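Subject: Structure handover

Dear colleague,

Here is the structure for your files. My notes on it are below.

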Amino acid sequence: MLIVANWKAYVEDVEHAKALVSLSKRLARSTKHTIVLAPPAPLLGVCRGTGATTIAFSAQDISVTTGGAATGEATAQAFVGAGATYAIIGHSERRKAGDTLPVVAEKLRHALAQGLIPILCVGESARDPEGRYLNAIREQLTSALELCTQKDRANVIVAYEPIWAIGGSADSAIRPDDLAEMVLYIQKVMAELLLGNTTRHPIILYGGSVEASNVRELALVSHVSGFLVGRASTDAGRFTALLKEL
Ligand code: PGA
């Protein structure tokens, strides 16, 4: 499975970051899972270090600009230079901070143009009995992929992260059968957007209060290809336990 550790702003200290990198390298060697770390941008260089490594790195977000007179922006190209292979795009915390649907589409395009593998986050803020939340997911996917070529669309990883499930304890996570349903729905929408141009299923991750206590059932019941883990990925004990459960 693909396990993406989204450190958010939980990790601010170099020693904490280095300890999590060493742990992740050990866990990647002793499990069959692929571990991708998404540290805060200023810590990426320290985490990346030098030489061959068993883990990969991701940006938590990239700039909507491509360079030039844009103070404070961290572009896709700069992340590639710093050693990132992936980029989280459209996380709900970035959408809340102002990333509109067109901004997310633009960022996705920049990531792909620089050869970063985008991890596109989609998720509804609440569920309604009429199922209108499904339209919200469809709209987020359709709009994000609007500027991409058919070929590029096949390289997008989707992370389904219902906003109501993020940042809680294991009880806040989605129920495994609801996740299974949602994965099928996202597969269907992606198949439409890919116009049958690929033979493989898209990679779909789940994020939102994933812990050692719920990860195994979520993995078993649904067809997710992995998890986007926030808070639990920043604590050595909890991250180790989660990987061992898988
Ligand atoms: P959480 O965050 O695991 O802390 O709920 C997941 C995410 O927002 O990516």
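The notes cover a helix pair, an aromatic pair and one arginine.

This is a predicted model, in which local features need pLDDT of at least 70 and side-chain atom pairs count only at pLDDT 80 or more, while totals for chains, interfaces and linings use all residues. Residues are numbered from 1 along each chain as its sequence is written, and side-chain values use heavy atoms, with hydrogens and water left out.

Helices (H or I, at least four residues) and strands (E, at least two) are DSSP runs, numbered from the N terminus. Helix α8 (residues 176-193) and helix α9 (residues 212-221) have axes that come within 8 Å and cross at roughly 40°. Axes are lines fitted to C-alpha atoms, for helices over the stretch in contact, and angles run from 0 to 180 degrees between N-to-C directions. In contact (heavy atoms within 4.5 Å), Pro176, Asp177, Leu179 and Ala180 of α8 meet Glu217, Leu218 and Val221 of α9.

One aromatic pair is counted, taking rings of Phe, Tyr and Trp (its six-membered ring) with centres within 6.5 Å; planes under 30 degrees apart count as stacked, over 60 as edge-to-face and the rest as tilted. The ring centres of Tyr160 and Tyr206 are 6.3 Å apart with planes at 50°, so this pair is tilted. Tyr160 lies in strand β6 (residues 157-160) and Tyr206 in strand β7 (residues 204-207), 46 residues apart. Both Tyr160 and Tyr206 are buried (under 20% relative accessible area; exposed is over 50%, partly exposed in between; 1.4 Å probe, protein chains only).

Arg48, in helix α2 (residues 44-48), is partly exposed at 28% relative accessible area.

Regards
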